[in-house]
Amino acid sequence: MKFVIEHLEQKLYPWCLLEYTHISKIVGKKHLLFTHVSSKQDQLILRKLGDVDARSVKDLGFSQVCLLDFNAPLLHPSDASTFDTFVFGGILGQHPPEGRTTKFLRDQFSCATRSLGEKQMSTDTAVLVAKTILDGSPFSKLSFIDEPEMLLKK
């Protein structure tokens, strides 16, 4: 199973690298592909975490692809036997959501789509949730804490 992060930010921001490092730990370097990475310097950095391609995932010819997007039916454990490639948009979310994954990927890429519910997630959280579902836990059995607050002591 391959997890693809279509890097949609202008550059590799520190928060991107933090999320991407976490994703590599979640799925393993051999299961991770970063696409749409044009900067040679960013490619070198990301090669430590997974495979890297300057082209968009739309141009790589994958056949059993599932794009994770809000406007789709829920991802189910059975999708692990239907698809071998799962695509996530590596893009900072906006509040309220602006539907940029749909705009930048879904509208230009003919493939199946699934969602991870109605809440916007960071890319690494989305990958963790998808992997958990694909490993056999249905979305309905997962629990989330929305808008957590952390108290900091000085």
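Predicted model: local features only at pLDDT ≥ 70, side-chain atom pairs only at ≥ 80, totals over all residues.

Visitor: How many helices and strands does the protein have?

Guide: Start with the tally. The protein has 5 helices and 6 strands. Next comes their order. Along the sequence the pattern reads β-α-β-α-β-β-α-β-α-β-α.

Visitor: What share of the residues is buried?

Guide: Of the 154 residues in the protein, 41% are buried. Take the contacts with a separation of 6 or more: 65% of them join residues 24 or more positions apart.

Visitor: Now the helices. What describes two packed helices?

Guide: Two things do: the angle between their axes and the distance between those axes. Here, take helix α1, residues 14-27, and helix α5, residues 123-134. They pack at an angle of about 15°, and their axes are 8 Å apart. That angle makes α1 roughly parallel to α5, because angles under 35 degrees count as roughly parallel.

Visitor: Is the crossing of α1 and α5 left-handed or right-handed?

Guide: α1 passes α5 in a right-handed crossing.

Visitor: Which residues meet there, between α1 and α5?

Guide: From α1 come Glu-19, His-22, Ile-23, Ile-26 and Val-27. From α5 come Thr-123, Asp-124, Val-127, Leu-128 and Lys-131. Sorted by class, this contact has 5 nonpolar, 2 polar and 3 charged residues.

Visitor: Let me zoom in on one residue. Where does Ser-24 lie, and is Ser-24 buried or exposed?

Guide: Ser-24 lies in helix α1. Its relative accessible area is 11%, so Ser-24 is buried; the cut-off for buried is under 20%. Now look for its partners. Set aside its neighbours within four places in sequence, and Ser-24 is in contact with Lys-29, Leu-32 and Leu-49.

Visitor: Next, cysteines. How many disulfides are there?

Guide: The count comes to 0 disulfides.

Visitor: What are the relative accessible areas of Cys-16 and Cys-111?

Guide: Cys-16 has a relative accessible area of 0%, so Cys-16 is buried. Cys-111 has 23%, so Cys-111 is partly exposed.

Terms used: Residues numbered from 1 in each chain as written. Heavy atoms only, no water. Axes fitted to C-alpha atoms, helices over the stretch in contact; angles between N-to-C directions. Helix = DSSP H or I, 4+ residues; strand = E, 2+ residues; numbered from the N terminus. Parallel < 35°, antiparallel > 145°, perpendicular 65-115°, else oblique. Left-handed = near helix turned anticlockwise from the far one by under 90°. Contact = heavy atoms within 4.5 Å. Nonpolar A, V, L, I, M, F, W, Y, C, P; charged D, E, K, R; others polar. Disulfide = S-S within 2.5 Å. Buried < 20%, exposed > 50% of the residue type's maximum accessible area, 1.4 Å probe, protein only.
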